[in-house]
Amino acid sequence: MVAIEDIRTRARELLEGGKVRAVLGFRRSSAGLLAEPTFVTELNDVASLVWDATCVHNLALYLVNEKKRQKAERNPDTRPLAVIAKGCDSRAINVLLQENHIARDEVVVLGVSCEGGGVIDVRKLADVLRGKEATAAAYEGLGSVKVTTASGEATLAASDVLADRCLECATAYPSVSDVLFGEKVDERGFSSRFAATKAVAAMTEEERSAFWDGHFERCIRCYACRAVCPMCYCDECVVDSTSFIVGPTTTAEEKANRIRWIQRSTTPADNAMYHMVRAMHLAGRCVDCAECERVCPVNIPLRLLNTSLESEALEMFEYTPGTDPAQPSLISSFRDGDPNDFVR
Amino acid sequence: MNANVYLPALARIAGIEEETRGARAIKTFRVEFPEGGNFDHACGQCAMLSLFGKGEVMISIASAPAVKDYKQFSIMKSGRVTTALHDLKVGDIIGIRGPYGNQFPLEQWKGRDLIFVGGGVGLAPIWPVIQTAVANAEDYGKITVFYGARSSRDIMYKADFEDLARKAIVQLSVDAAEDGWQGYTGFVPANLMDKAPSPNNAIAITCGPPIMIKFVIQNLQKLGFTDEQIYTTIENKMKCGVGKCGRCNVGKDYVCVKGPVYSWAELKTLPQEY
Amino acid sequence: MDTILKKERLGEWVAQIGSRARVFAPAYADGIWNFSPVAAGVSIELDHGNTVRPAKGFVFPQREVLYRFRQESGKAPELTETLPDTTPTVVFGVRPCDGRAMVRNDKVFTCGFKDPYYSARRDQVVFVGLACNMPPSQNCFCLSMGGSPHSEDGLDVLMTELDGRYHVKAITPKGKAIVESGAALFDKMQVPDGNAVAKVHADADKCPQRSLAAMEKIAAGLKEHFESPKWDELARACIGCGACTYLCPSCHCFDINDEITGNTPLTGERVRTWDNCQFPDFTMHSSGHNPRHDTGARLRQRVSHKLLYFVENHNMQQCTGCGRCISHCPVGIDIVRVATEVTGQ
């Protein structure tokens, strides 16, 4: 059982010892059921840290964002960031380490096991509650989730309300951490890896094409999917720039010659191109935290794209991103035994 | 102006002058309206220049309102549209819509001494005011023009300055020492302090790089100019030019509508973003 | 003009309107509520909370072609204006917060220079509102924004759900026209109906909502605390996406870009698309200077635009309290909490 007091105690120790510049965890949110990310720097605020099935965010994202922020600071605080990380989050941290985007001593991983459970999918919960809003949710073990609404408490089947990625997850605890809270539980028995994406792969080409056309049509290009992904850390995104890096030394020619690969317009073609190029750039790197899908305001089932590529990575190269930071990254390495029947 | 505010009129490039060369080259364009579509403008106002397939940029109209045959724009090569503008030849057609923005309150300045302080391409937005003032010299007091550039090669409107020197007090400067340079050597704000114009019944109008404007205003205040006596122009990234796309605001003001002209008294009430 | 429409007749009224106009209504598809086209003969059910996407898309679509251009090398370009087609459009199920936002959008697009694209659409879209008998979301705060669950501002018709029937109130001439066109379907409003409406509205006003201090206090507070370090704190988790602005019924920032479709001759379109002050390069100058270079400055811009600058310019808040930005922010950034904390209320 993960005891929140244990996490708070460790957080207090780290802050008191001046070892970290902040403890990044979760606290209750005024915005709704889900917890929200919080940077705790004061001892007084440690008590706000919470841990339950509403702690959905992949806080590895902020290792990337804080690094960007610090670039603009004159005297950045270079102490490490302590980050509360679930299994999926720690896989993201591992990919960042593997790709040398961060160094191991820049992060203190406060690992938390999901202990056979997972996190809530707010939309699945809304479907089950038929419009009633929940104010609290907790994984009770043995496949049950206790949910509190205005009319009282309800116990729901985990498979009905936990996120799909949790149901498919093979390792719901961090493989790399500085400390681990909770027991490692391997057997979860909900679903199997890639179940959802395999169902889409089983469609005919026409069905699949119509499936994705319908979804991409809805895209409003808010870029929440890209913004929330820890792996999308490029200062300048090749597909569309909302963060074109211009400095005092950028020449007029560089600005003039910059290619617009796709338009800002939300045409089905531009939308599809954006999503597919982004998915390709994540191949071999996506850890299925499924934050992209959660944050999409119009509910595009994005993880189906990424997990489809990861199932190929597993099949072709026996590779799962984020399991081992020392492992060479898939796309930037090769082994003699790699399949090469496409080489003619 | 077109009934559709976004639809430009077409105009012909009638003349191109190379003012400066190098990485941040400046060219002056004279634009005529053989098919009609010309519009009157007031000092300080700007227009959106269009290159189809590239985009639009908001540029100050550098010719005086009294000049009816053409409109003048001095443009520094900076990005996609301005690079394409620099590649144009005489006879090419561009789109143009305007005039946008507010104006320098010349009426209020009648009878007063006018002190212009410009740097680099920032001379262009205040050039129409200078031209109008010297053309109506009897309406104004003493006219002084401070202007500086990195080097003598980078001075804009060289030919016009020779003529201007006969009608106004011209104080030119270059940033770095140069053989044969007769004028002041040093930054524009320093030249201003060196000559120390009197604030008595005077208005100071300044435009140039943000850092220059900052120090010019400081120095004007040191010389005793009040906030109401100091005028400048501000700019921001713009797309629509008509106060709707929401991009160019400084505080509550859309610069494309409420600006670019501001007295320091007004400007200091807006959020400071330099 | 007040009338009563029995619930079982709603389908007929919609069908009648549908014979002369495109009809949209909230529908649940792919896990979200959104305005969807209503096919001929299909009835509508007004039992949604609020749509994810706001009604502003009907007058300010995400993509609008301003004009087309064609230019042969060395010759003058030809421009073809592309004003929107003005097929009559009727939208059902618009919540009062979206209606009040329309009043704000009118200020932006029709005051000063008149935007012909917005006006062409606004002049012929009919917004049929639906009063909120209960707050559609736990993040509603329309009352704090000077609105109400039954406000008529910006709407052409306001419907209120009663027992087995709707109160239908025509507000504008456009609204009257679509009600009168279905005259036979409606019943006269009787005194008990009027009492029922008044009670439903009064009860709705009493439902608890999120609460924000008064307009003048918030505006003054935001002005005073412009340099507050709280902005950076509150924006630290912001990921810089466009969820808040694109879902906001009164956000109107846009970009203009040329989209080339051919090179010899040069052909293309000058297109307006939604843009977002939360994107990092929204205010990036060509010189590399960015006046709003961090999330704190950008959050401050959005909140101040909604609750201070719009007040200074138009004497009304631009935010109408729909709560979408709060509900959909990936990291829980909450405008009510932000405005309250920064101003020290």
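Among the buried residues are A:Arg303, A:Leu304, A:Leu305, A:Leu309, A:Glu310 and A:Phe317. Helix 13 comprises residues 303-317 of chain A and extends 20 Å from its first C-alpha to its last, close to the 21 Å expected at 1.5 Å a residue, the expectation being 1.5 Å times one less than the number of residues. A:Glu318, with a positive phi near 50°, follows helix 13 of chain A.

The model is predicted; local features need pLDDT of at least 70 and side-chain atom pairs pLDDT 80 or more, whereas totals for chains, interfaces and linings use all residues. Residues are numbered from 1 along each chain as its sequence is written, chains are lettered from A in the order in which they are written, and side-chain values use heavy atoms, without hydrogens and water.

Chain C contains 11 helices and 12 strands, strands being DSSP runs (E) of at least two residues. Its C-alpha trace spans about 65 × 60 × 40 Å along the principal axes. Of the 345 residues of chain C, 61% are buried. Among contacts in chain C with a separation of 6 or more, 73% join residues 24 or more positions apart.

Definitions and conventions:
Helix = DSSP H or I, 4+ residues; strand = E, 2+ residues; numbered from the N terminus. Buried < 20%, exposed > 50% of the residue type's maximum accessible area, 1.4 Å probe, protein only. Contact = heavy atoms within 4.5 Å.
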